[in-house]
Amino acid sequence: MPDIHTSAEDEHESAYSGLLVNDAHWAFGTDFEDPLAGVDTTIPDGVDAATLATYALMLGDDSLVMSHRIGEWTSNAPDLEDDIALSNIALDLLGQARLLLARAAKADDAVVPTLPEGSPAPPEDALAYFREAPDFRNVRLAELVNGDFAEATVRVLLFSVWRLAVFERLRESRDHVLSAVAAKGVKELAYHRDYAARWFVTLAQGTDESRRRLITAYDALWPLWPELFDTHPVEAAAAEAGVGVDPATVREAAETVLDQVLAAADVERSEAPRRSGVLGRTGRDGMHGEPLSRMLAEMQSVARAHPRGQW
Amino acid sequence: MSNLSAEGGHGAVPLEGVPTGQGVPAPEPEWPLYEVFVRGKRGLNHVHVGSLHAADDRMALLHARDVYTRRNEGVSIWVVRADAITASSPDEKDPMFAPSGDKVYRHPTFYDIPDNVPHM
């Protein structure tokens with residue numbers, strides 16, 4: 001009797017077959033090498049190193065702090081599926097943070113805190129775990145204490161609409177690292193925006209209670225939206241040098257997108273006034289609320305207790 | 001006088017003109033179940049990889065992306081509500097499948113397949 005071909009071991013039978021054949025690009029374990037390996041890290045002509053480093057810190061701190069807040073949803077989301085979705089978003093942002101903080105350190109190591117002799121922590125970890133709150137340059141939207149799921153939805157929506165608009169332009173940066181981070185980040189942020197926009201519309205068009213919660217969250221976060229488009233002197237200088245994006249120039253594009261989501265959700269643009277800074281200073285100047293200090297205390301405690309620890 | 005209800009534990013009360021919330025469907029306690037099919041990078045067809053719960057079709061697609069393609073598995077996803085699938089029952093396994101077990105002539109293995117015909 002002839003051999004009958006069965007497809008039991010056919011590679012086409014499983015979406016997962018062949019997955020680990022070429023696994024050099026996966027980071028197994030925690031013994032990370034240089035995250036910028038293979039990327040041209042020379043500072044473009046005419047660009048001030050300190051400006052580039054501080055600009056990278058701003059973008060990196062936005063994603064680091066936002067990542068931590070979204071990460072706090074892990075095991076707490078309304079459903080397993082959203083738990084995983086939010087964890088994915090947090091991990092995407094953490095990846096962006098790692099590259100951006102590494103870029104800041106490489107451009108100007110004066111921004112990196114000094115660690116005890118013998119500490120194996122790479123520069124991006126030193127920046128994440130050994131700076132105080134006033135050294136963080138993130139926008140205040142990222143650092144707020146988490147609310148309910150509607151609040152997470154609105155926060156991810158506002159953050160990703162804004163950041164995507166910035167990153168779309170940042171792809172043209174003269175700095176090879178920033179342009180590479182932006183090119184990768186655009187795809188991630190487009191997904192975050194889609195996910196959050198979908199939930200925004202779903203909650204707004206759901207039950208009376210879900211709509212009430214969504215609009216409450218939207219009104220509560222809206223006062224921090226204008227701050228996203230303020231032009232800090234460092235951002236102005238980075239834009240002038242062709243390595244950064246002046247956020248004021250993407251406001252119209254971002255609000256066009258946001259208006260489409262609001263229209264689909266049948267939600268009116270909020271009238272809530274912007275939240276002022278303290279003596280004119282906001283997150284980009286290192287002026288933060290108490291929630292960031294508390295968040296950092298928790299996030300940094302283990303690294304600070306064991307500065308020579310091997311992980 | 002049929003418009004009476006004992007619901008809510010207050011004894012049978014008339015409902016005429018009283019806002020009781022009855023007739024408003026309660027929210028579903030759980031999202032519907034979806035089955036997920038992923039086509040791998042090198043795969044030719046979509047393969048069932050598992051199931052998940054989602055609020056609607058589009059959300060099911062987003063969840064499937066998050067739950068089942070985290071490690072770069074797929075290039076295409078199908079989702080379908082599990083209650084839209086008609087499945088054969090294990091009880092009818094023999095009448096369904098046993099008769100084809102000895103019909104070797106149904107396999108095209110008595111032909112010589114040219115080397116340049118792929119995917120056979």
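Predicted model: local features only at pLDDT ≥ 70, side-chain atom pairs only at ≥ 80, totals over all residues.
Local features are reported at pLDDT of at least 70 and side-chain atom pairs only at pLDDT 80 or more, while totals for chains, interfaces and linings use all residues; side-chain values rest on heavy atoms, with hydrogens and water left out. Residues are numbered from 1 along each chain as its sequence is written, and chains are lettered from A and ligands numbered from 1 in the order in which they are written.

Chain B contains two helices and five strands. Helices (H or I, at least four residues) and strands (E, at least two) are DSSP runs, numbered from the N terminus. Along the sequence, the pattern of chain B is β-β-β-β-α-β-α. Chain B has 120 residues, of which 19% count as buried. Buried means under 20% relative accessible area, exposed means over 50%, and partly exposed lies in between (1.4 Å probe, protein chains only). Contacts were also counted in chain B (contact means heavy atoms within 4.5 Å). Among those between residues at least 6 apart in sequence, 38% join residues at least 24 apart.

In chain A, helix α7 spans residues 233-240, and its buried residues include A:Val234, A:Glu235 and A:Ala238. Seen down the axis of α7(A), the buried residues fall within an arc of 100°, so they line one face of the helix. The arc is that of the directions from the helix axis to the C-beta atoms. A:Pro233 and A:Glu240 are exposed on the other side of α7(A). The cover over the buried residues of α7(A) includes α1 (49-71) of chain A. One residue of helix α1 of chain A is A:Thr51. A:Thr51 is buried, at a relative accessible area of 16%. Leaving aside residues up to four places away in sequence, A:Thr51 touches A:Val234, A:Ala237 and A:Ala238. After α7(A) comes A:Gly242, with a positive phi near 80°.

A:Val186 belongs to helix α5 (residues 176-204) of chain A. A:Val186 is buried, with a relative accessible area of 11%. Its contacts, not counting residues up to four places away in sequence, are with A:Leu164, A:Phe167, A:Glu168 and A:Arg171. A:Val186 and A:Val166 are separated by 20 residues in sequence and by 9.2 Å in space, C-alpha to C-alpha.

Aromatic rings were examined next. Rings of Phe, Tyr and Trp (its six-membered ring) pair if their centres lie within 6.5 Å; planes under 30 degrees apart count as stacked, over 60 as edge-to-face and the rest as tilted. Over all chains, the search finds eight aromatic pairs. One of them is stacked: A:Trp222 and A:Trp225 lie 5.5 Å centre to centre, with 15° between the planes. The ring centres of A:Trp225 and A:Phe229 are 4.9 Å apart and the planes meet at 65°, so this pair is edge-to-face. A:Trp222 is buried, with a relative accessible area of 6%. For A:Trp225, also buried, the value is 0%. A:Phe229 is buried as well. Ring pairs join A:Phe200, A:Tyr218, A:Trp222, A:Trp225 and A:Phe229 into a cluster.

Charges also sit over rings. This requires NZ of Lys or CZ of Arg within 6 Å of the ring centre and within 35 degrees of the ring normal. The charged end of A:Arg131 sits over the ring of A:Phe136, 4.1 Å from its centre.

A cavity is a set of points where a 1.4 Å probe fits but cannot get out; a pocket is an open set with protein on both sides within 12 Å along at least five of seven lines; lining residues have an atom within 4 Å of a point. Grid points are joined across faces, edges and corners, and a volume is the space filled by probe spheres set on the points. The second largest pocket holds about 520 Å³. It is lined by 20 residues, and the closest to its centre are A:Pro78, A:Trp199, A:Leu203, A:Ser210 and B:Trp31. The elements giving two or more residues to this lining are α4 (149-170), α5 and α6 (208-221) of chain A.

The whole structure has one cavity of 30 Å³ or more. The volume of the largest cavity is about 60 Å³. Its lining includes A:Met66, A:Trp73, A:Asn146 and A:Arg155. Two or more residues come from each of α1 and α4 of chain A. The largest share, four residues, belongs to α4(A).
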